[in-house]
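Me: I would like to learn how to read a few features of a protein model. Could you take me through them one at a time?

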Amino acid sequence: MIRIRRSDERGLAQHGWLESRFTFSFAEYHDPKQMGFRALRVINEDRVQPGQGFGTHAHRDMEIVTYVLEGALEHADSLGTRSQIHPGEVQRMSAGTGVTHSEYNASREAPVHFLQIWILPEREGIAPGYQQRAFPREGRRDRFQLAASREGREGSIVIHQDAEIHLAELGAGARVVHPLRAGRHAWVQVARGALSLGGDRLAAGDGAAVSDQARLELEGIEAAELLLFDLA
């Protein structure tokens, strides 16, 4: 079964310096039918204007993953971490027992465009932690690249949940297949371009929940970038 969540169905917040699209309920946007999918709780697509950002704020008991599409995002947290996140890098902050952080557009000239993803941890009260890693683009051209997993397989970042995040960039006509083990589910999020999933067209901002399928078959309709979440 494939259930599609179209880009224009998502929640929208516009604050001048920030434009956000919410795949699932978040902040002032609430839809009881869109409270997440399995352990995947948040997919926010944010565009932040130059020199602007989110001031210091607190989180706990959440795995927060950031994926930058354009620009650079500056991160600072109460663990002492200071970093910039660029396209092709994946950041994971485990909020655990509690952490504060801030996120700002690192540029004074260009906006930053990124996805912020929240995944419920497999247990509460873990120690806060941070990890960031660059994934070479050639590793996801017309194939899946494992970017996050519970065990940190294949050099992926570690998330404290039985979940995986795979990245792919497809050229027009390129096909990829992802098998789903029995009892597993998947969420496909299109970041750019357009692709076909089981014959359904998905464009930038569209997402799809997949259950009761043995495999996913995706084909680029035009150059496309996507994230695939393999979930228990």
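**Salt bridges, core and pocket**

Reply: Start with a pair of charged side chains: Arg140 and Glu169 meet in a salt bridge, 3.1 Å from N to O. Keep in mind that this is a predicted model. The pair joins distant parts of the chain, 29 residues apart, with Arg140 in the loop between strand S12 (129-134) and S13, and Glu169 in strand S15.

Me: Is Arg140 buried or exposed?

Reply: Buried means under 20% relative accessible area. Arg140 has 4%, so it is buried. Glu169 also counts as buried, because its relative accessibility is 13%.

Me: How do Arg60 and Asp61 count, buried or exposed?

Reply: Exposed means over 50%. Arg60 is at 52%, so it counts as exposed, whereas Asp61, at 17%, counts as buried. Their closest N and O atoms are 3.7 Å apart, in a salt bridge.

Me: Which residues are linked with Arg10 in a network of salt bridges?

Reply: Arg10 is linked with Glu45 and Arg47. The side chains of Arg10 and Glu45 meet at 2.9 Å, N to O. The whole structure has 15 salt bridges.

Me: Which residues touch the most other members of the largest nonpolar core?

Reply: The core has 26 residues, and Leu40, Val90 and Ile117 are among those that touch the most other members. A second, separate core of 19 residues includes Phe144 and Leu197.

Me: How is empty space found?

Reply: A probe the size of a water molecule is rolled over the atoms, which shows where space is left. Here the largest pocket holds about 210 Å³. Among the 17 residues lining this pocket, the closest to its centre include Leu18, Phe26 and Asn44.

Conventions:
Residues numbered from 1 in each chain as written. Predicted model: local features only at pLDDT ≥ 70, side-chain atom pairs only at ≥ 80, totals over all residues. Heavy atoms only, no water. Core = buried A, V, L, I, M, F, W, Y, C linked by side-chain atoms within 4.5 Å. Buried < 20%, exposed > 50% of the residue type's maximum accessible area, 1.4 Å probe, protein only. 1 Å grid on protein atoms, 1.4 Å probe; cavity = no way out; pocket = protein on both sides within 12 Å on 5 of 7 lines; lining within 4 Å. Points joined across faces, edges and corners; volume = space filled by probe spheres on them. Salt bridge = Lys/Arg side-chain N within 4 Å of Asp/Glu carboxyl O. Helix = DSSP H or I, 4+ residues; strand = E, 2+ residues; numbered from the N terminus.
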